[in-house]
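Hi,

Here is the structure I promised to pass on. Please have it open while you read, and my notes follow below.

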Amino acid sequence: MIVDCAEYDQGARRPGRASLSDLGQRERGDGRFVWLGLFEPTAEEFSEVMDALGLHPLASEDAVEAHQRPKLEIYDGTLFLVLKTARYDDPTETVEFGELLIFVGADFIVVVRHGAASALAEVRAELEADPERLALGPAAVLHGILDRVVDDYAPVMAGIDDDIGEVEAAVFSDTPTNPVERIYKLKREVLGVHRALGPLVDPLHRLSSQPLPTVPPAVRSYFRDVEDHLVRVTEQNETNRDLLTSVLEANLTRVSVRQNEDMRKISAWVAMAAVPTLVAGVYGMNFDHMPELDWRFGYPAVLAAMAVICLTLFRYFRRSGWI
Amino acid sequence: MIVDCAEYDQGARRPGRASLSDLGQRERGDGRFVWLGLFEPTAEEFSEVMDALGLHPLASEDAVEAHQRPKLEIYDGTLFLVLKTARYDDPTETVEFGELLIFVGADFIVVVRHGAASALAEVRAELEADPERLALGPAAVLHGILDRVVDDYAPVMAGIDDDIGEVEAAVFSDTPTNPVERIYKLKREVLGVHRALGPLVDPLHRLSSQPLPTVPPAVRSYFRDVEDHLVRVTEQNETNRDLLTSVLEANLTRVSVRQNEDMRKISAWVAMAAVPTLVAGVYGMNFDHMPELDWRFGYPAVLAAMAVICLTLFRYFRRSGWI
Amino acid sequence: MIVDCAEYDQGARRPGRASLSDLGQRERGDGRFVWLGLFEPTAEEFSEVMDALGLHPLASEDAVEAHQRPKLEIYDGTLFLVLKTARYDDPTETVEFGELLIFVGADFIVVVRHGAASALAEVRAELEADPERLALGPAAVLHGILDRVVDDYAPVMAGIDDDIGEVEAAVFSDTPTNPVERIYKLKREVLGVHRALGPLVDPLHRLSSQPLPTVPPAVRSYFRDVEDHLVRVTEQNETNRDLLTSVLEANLTRVSVRQNEDMRKISAWVAMAAVPTLVAGVYGMNFDHMPELDWRFGYPAVLAAMAVICLTLFRYFRRSGWI
Amino acid sequence: MIVDCAEYDQGARRPGRASLSDLGQRERGDGRFVWLGLFEPTAEEFSEVMDALGLHPLASEDAVEAHQRPKLEIYDGTLFLVLKTARYDDPTETVEFGELLIFVGADFIVVVRHGAASALAEVRAELEADPERLALGPAAVLHGILDRVVDDYAPVMAGIDDDIGEVEAAVFSDTPTNPVERIYKLKREVLGVHRALGPLVDPLHRLSSQPLPTVPPAVRSYFRDVEDHLVRVTEQNETNRDLLTSVLEANLTRVSVRQNEDMRKISAWVAMAAVPTLVAGVYGMNFDHMPELDWRFGYPAVLAAMAVICLTLFRYFRRSGWI
Amino acid sequence: MIVDCAEYDQGARRPGRASLSDLGQRERGDGRFVWLGLFEPTAEEFSEVMDALGLHPLASEDAVEAHQRPKLEIYDGTLFLVLKTARYDDPTETVEFGELLIFVGADFIVVVRHGAASALAEVRAELEADPERLALGPAAVLHGILDRVVDDYAPVMAGIDDDIGEVEAAVFSDTPTNPVERIYKLKREVLGVHRALGPLVDPLHRLSSQPLPTVPPAVRSYFRDVEDHLVRVTEQNETNRDLLTSVLEANLTRVSVRQNEDMRKISAWVAMAAVPTLVAGVYGMNFDHMPELDWRFGYPAVLAAMAVICLTLFRYFRRSGWI
C-alpha cells in the first residue's frame, strides 16, 4: 500500500501526490527527489517500484518479507537500511517491534514499513515545515526517520524502567508476592531490544563517520547525534539486563527468607499446642495416687496453667520475632 | 557413493551423468564445469576423485572422515569449505547435525555429504532451472548450497523457540511440573548449534568481502545475504542461550515457592488436627471435679466445639491463602 | 544562570566579571581567553552564548537539556565534552549524578553545569592562584575541571567500599539479618557509576594521547594522569560489582544455613515434647493389669522419668549443636 | 636421561645412536639433522647439550625445571616451544599433565619431556617409516610431535564427555544421588585443560601462518591442520565448561525438588498418624454420657473407622503424587 | 628514608654510600650509574632527589603518595614504573600489598618502596655478586627487581591454592561445616591480586617487545621471561577465581542437601514417636467393651508391640538411609 509519495524541489513539496510512473523519469535536476512511503507492499506493488527505480533484486527481495536483521548495505550507489522500530505496550509489558526498510538513492528515498512503526507521517510533516533541512536531499529524510526511530526507544526504556522499579518494590516489599514470572518476561523484552538495537550501532557509526554515497558531509554530523542517542539507549538496556539478573537472584533470597519466616511461625504455633497437650496427657494418666486429681480446684488450676504456658510461649516467640 | 555427477555448459546441464574419468580431462573451456555430489565416500572412492581433480592430499584426508570444524581453507587455488547442516527432531527435542565438505575449483565443485544433510538434490534442481545463475560457475553452486544450509537452520531455531515457549509455560504454570531436565537438554542443543554455526561466520565474511579464487565479484554480494542470515540465526541462538539460563533460575525460584506453598498447606492441616487433639486431651484428664464431664450434653457440645474450631481455622487459612 | 564569567590574560584574571557581550569580540590575542560558567541555563540564555561564540547548533542543543552520555566531540575546532559528576549521599546510600557540558575553543571555555556538580568555584580559585598553569589556556582549565571531577569519585568509591564492608559484616554476622535489599541497591549504584564513568575512558585517552585542537602538547601529559585515576576508579568499581555479586550469593547460602539451624532447633524442642507425651499416653491406657498404676510412687516416678528424658535429650541436642 | 639420539640424512636414520659429542660438529650439510630425546634431564646433562648446540641460556634454564606456560619463543634463529601433554585417568577422573620442551634449530631438534607425556617413541617410528616427510627436516619432526600431542587430547575430551554424560544421568535419574562433588572435580579438570591448551593456540597460529626460521613453507600448511584440531578441542572444552556450570545449577534444582518430595511424603505419613490419634483422643474423653462407649461393637467400629480414614488418606495422597 | 644509595661502575659497586648530592653531578660516563633505594620518603626528601635528577614533577608527585595503579610511563626519556608487591599472610588468609615506584634514567635508578615490599636488599646483593649483568646498566637492575616481585607472587598463589584445597575439602567433607565466609574472603583476595597484576601485563609486554629509552636490546629478552611468569600467575589467578565461584555454588548445594538429610532424620524420629503414641491413644479409649483391656498380659503385649513397631521403623529408616 502506498502511504504517501511526493516530489520535493529545493526542499519544497510539489503539489499533489507523485505517481509511481513519475518515479521512472529519472532526469531530475539537482535538489529534486522523490520520497515514497509504502506499508507492507505486496510483491507486485514492490516490483513496480523496483523497476521504476532500478533497485538491486537482492535488496528488493528483502523489502517484501520482513524479519530482517538491522543492517546497512550499499548496492550500486544505493543505501539499503533495515531498522527495528519499537513501541511499549504497558498493560501487557511487552515491546512490539516493527520494521523499516529504507532505500536511499541520489534522487529518491523509499521507506517500506512493516508492523507497528514510528509515526513517519509526523516526520514528513516536520521536514516539510523545515525546507532548509529538506533541501539537503534524501539523506536529510533518512536522518529525520532515524532520529525519530531512535527517539521512540526512549519511552520503551522508560516503560521498562518503570516496570523494573515496580518489580523491585514487589521483591523488597513485606507482602509475600513472587514476581518471578514478571522479571523473566521483562528480561525477555530486554533481550528483544538488545537484538533490535545492537546491530544498528555499526550502521549508524558508518553513517556518521565514513563517506557514503548519497550522504553529503553536511548531514553526516547529524547522524553522530543519533548514534549517540542509540548508544545511550543500548547502554541503558545493558544495565537493565544486569539489574534484572540481580533482582531475580535477590528474589530467590527473599523467597528463601520468607519460607523460613513461615516455618518459624508455624513451629511457634505447633509448640503452643504441643505443651498443653502434654500437660493434658499427664493428667490423663491412670495412676491410683495422683494427688492433684483429687484437689477441688485441680481442673481449673491446670486449665489456668495451660493458658499461662501458652501466653508465655506466645510472648517469647513474639519477642524473638517468630510470630 | 556418488549421488550425482553432471557437467554444465553455460548453465545448461549436459545430458546424462558425467563419469569420474570425465573429471580428469581438464581442458574445459570457459563456462563449463562439473558438479559432483558424494555421500560418505570410502577412502578408495575419494582417492579416485582426488587424483582426477588433483586435490591437495591434506584436504582430501579430511573429506573421508567427518567431525571437522566449520572452516574455509584455500589450497593452491581450490577453496575447501566445511559446513555443519542441522535438522531438528521435534519428538526428541534434539538437533541432528550433518556435515558437508565442499571443494570448489575453477571448473569443478565437489560436495561430500556426511550424515543427515540438507536437501541438496533440491538445490541442484533449482539451479538447473535457473541457467543464468548457474552460468556464473561453481561459486554460484556454492552460494546455492550455503543459502540452503543456512536457511535450513530457520526451522531448527523455530523448533527450539517453540520448546522454550513450552518450557516457559511449564515453569510459570500452576501445575507443579519441574522441567529442569528439559531446560538443560535444550541448552545442550543450543550449545551444539553455537558450535556448528559460530566458526562459520568468519568464512562467510571472507566469501562476501574478500577477493577469493574461483569466486567472481558478481557472486560475492550474494554471499553477503547468506552471511546476514547466518548472523541473524547466531544472534537468535545467543538470545536462546540467555533465556535458558534465566528460565533455569526462574524455575529454581518457582520450585522454592512451591515448596513453601506445600509446607504451608501441610502446616495448616496439621494445625487443624492438633487443636481438637488438645481439646480431647483436656477432657481425657482424670480430675475428680470436672463439671463439664457430668453435663448431659457435654460430649456433643465438645464435638461441636471441635468442629467449630476446625472450621474457623479452615476459613482463616483459606483467607490467608495457605490452603 | 551565569555563575561566573572572567577574562584571563597570560594567566591573570582581568578585574571584574566579563559580560556576555564581551564574549563576542573575538580579537583576543595570544594567551587571552574567557572562562564562562553557567548553571542550568535556559534555552534563551544559552542561545545568546552560542551566538556570541559561534557554537555549532547541535552541540548547543545538547547543552540545554541534560541526560547526555559522557563523550568528546569536535565541531569545527571546538571541543565539546560531556561529563558525569558524582556525589555519595551516605544516609540513603545513593550516588547523585550531575552533569557538566564543556565547550573548549581557542580563546574560550564554557562550562555548563546540571544538577549537583563538583565544586567548580574551588577549581577556579585554585587555578587563579596558579597563573603559570592558567597561562596554558583553556585546555589547562579543562584539565583542572576533569581532575577535580575524577578526584570527586574517590569519596564515592570510599563510601561504596564502606557500605560493602558493612554488608559483608552483616552477611557473616551471627545475628540473623538479611541485607539482600541493601546489596541490591548498592549494585544499582555501582552500575550507575559504571554507566557514568565507562564511556569517559575513551575521551580521556584521546585527550592524553592524540593531538586535538585547542590542547597544546604541554597539557597533554597532564591528562594522562587524570586518565590513570579514572581507570583506577573504573577498575575498583568493577571489583565492587564482582564482590556484590559474590556477597549476594554468599548471603543466599547464609539464609539457607540459618533456615536449617532454625529447623533443627524447632525439631529438637518438638522431640522434647513428643517423648513425655508418649509416656503420658502409655499410662493413660485403660488396661486392667498395669502394675505401675498401683504403685505408691508411680506417678512421681513417671514425672521424674519424663524430666530425666527431657534433660537427656536437651543435653544431647546441645552437644550436637542443634540448640 | 637420554631417551634416543639419532642423526638423519635425507630422511633416513643413520645407524646407531648418535652421541652427545656428535651434536657438536655442526658442519652437517643440507638435509641432515639430529633428533635428541631427553627425559627429565639434570642440570648437568642439559648443560652439555646446551653447550654442544649453543642454545640460549634463558631457554635452557627453562628446560630443566618444568611448570612452564605453553609458548613459542625465538632465540637467535632457534625455535623454543613449550607444550602441555595430557592423559585422562578414568578411575580417578583426573587429567594428568606432562610437559614437552622442544628446541628446533636448522639441523637439530631437541625434545625434553617432563612427566607423563605422549608416546614420542611411536612418533619417531612413524616418521622413520616415512622418509619423504622426515627429509623436510626438524620442522617435520616438530609437526609430527605437535600432531600427536594435540591428537592425544581427543581421548581426554572423550573421557570428560563420558563423565559429563554419567553426571547428567545421575542428576536426572530418579534415585537420589548428589553428584555435586563430581561435577566440581570435573570442572576443575576442564579448567586445567583450558589452561594447558588456551595459550597454545597463538603459537600454532604463528607456526601455520607466519614465516618462522627453521620452518620451510612446505611444512607450514601441515601446521594449519594441527591448529584446526587444537581449536576444535578448545571449543569442545569451552562447551564442557558451560555444560558443567548448567548441570551444577540443574542439580541444585533437583536437590530442592527432591527435598520437597521428601517433605510431602513425610507430611502425608504424619497426617495418617494424626487423624486416628485425634479419634482415639476423642474416645478417651471422660464424659459421663458418651453413648458410643456403651455400644457392643463401638470399639471395633472405631478401629474400622480409623482404618478407613487412613486408607482414604493414603489413596488421596497417592493420587496427588505425594507418596 | 634512604635505604641504600650506591654508584656502580662497569658493574662494580664503588665503595661506601653515595650521597644525594652525588646524584646531582650527572657527567657520569658510560657504564656508570647510581642506584638509590627509598622507603616511604617524605615530600621534602623526595623533592631533593627530584631536583638532583631532574625528574618530571607529575611523576614525583606520584612517588610520595602510594595507591597508584600499576603502569609504565615515559617522561622525557625517564621510565616511570609502578608495581604492586604481594605477601601472603597465611594465618589471616589475606594478601598484603606493597608498592614500588621505580624511576629509570640513563645513569640512575630510583626505587621508592611503600608498605611491605619484596626483599630488595637481596636483589641488590645478588646483582652485586654478578657484575657482568650489573654492567648492563639500570635496566638490568629493573629486570632484577621485576623478576623478584613477580616471583614473589608464586608463594601468594601457592598459599591461595592451599586454602582453596582446604575449602574444597571442607565443602565436600561429611562434617557439616559451612565455609562460605572463607570462600568469600578468598575471592576478595583473588580479586585484589587481579587488580594488582592485571594492569602490569601491558607494561611488561612493552618492556619485552618495544624499543624503550634506557632499555638496551640485550636486556629486552630477559623481560620476556618475566612477562611469561607474570602471565602464568595471572592465568592461575583467573582459574582460582573460577574455582571459587564454582565452590561457592557447590557449597550451596551441599547446604541444601544437608538440610534435606537433617529433615529426613528428624522426620524419622518423629514417626517413631507418633506411632506408639497412636497405639497408646487407642488403648486409652473408654469403650466398655475392649477385650484387650481385660487380658492378663494385655499391657506388656502392647508395650512389646510398641517396641517392635519402633524397631521395625528404625530398621526401615536405616535401610533407606534416612537415619
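Before anything else, please bear in mind that this is a predicted model. I started with helix α4 of chain B, which covers residues 120-128 and has B:Leu120, B:Val123, B:Arg124 and B:Leu127 buried. Looking down the axis of α4(B), the buried residues fall within an arc of 100°, so they line one face of the helix.

Next, the salt bridges. Searching the whole structure gives 113 of them over all chains. C:Arg69 is buried, at 15% relative accessible area, and A:Glu235 is partly exposed at 22%.

Within chain D, D:Arg182 forms a salt bridge with D:Glu166, with 2.6 Å between the closest N and O atoms. D:Arg182 is in helix α8 (residues 180-197) and D:Glu166 in helix α7 (residues 153-172), so the pair ties together parts that are 16 residues apart in sequence. D:Arg182 is partly exposed at 26% relative accessibility, and D:Glu166 is partly exposed at 44%.

Finally, have a look at chain A, where a network of salt bridges links A:Asp4, A:Arg13, A:Arg17, A:Arg124 and A:Glu128.

Best wishes

Definitions and conventions
Residues are numbered from 1 along each chain as its sequence is written. Chains are lettered from A and ligands numbered from 1 in the order in which they are written. This is a predicted model: local features need pLDDT of at least 70, side-chain atom pairs count only at pLDDT 80 or more; totals for chains, interfaces and linings use all residues. Side-chain values use heavy atoms; hydrogens and water are left out. Buried means under 20% relative accessible area, exposed over 50%, partly exposed in between (1.4 Å probe, protein chains only). Helices (H or I, at least four residues) and strands (E, at least two) are DSSP runs, numbered from the N terminus. The arc is that of the directions from the helix axis to the C-beta atoms. A salt bridge is a side-chain nitrogen of Lys or Arg within 4 Å of a carboxyl oxygen of Asp or Glu.
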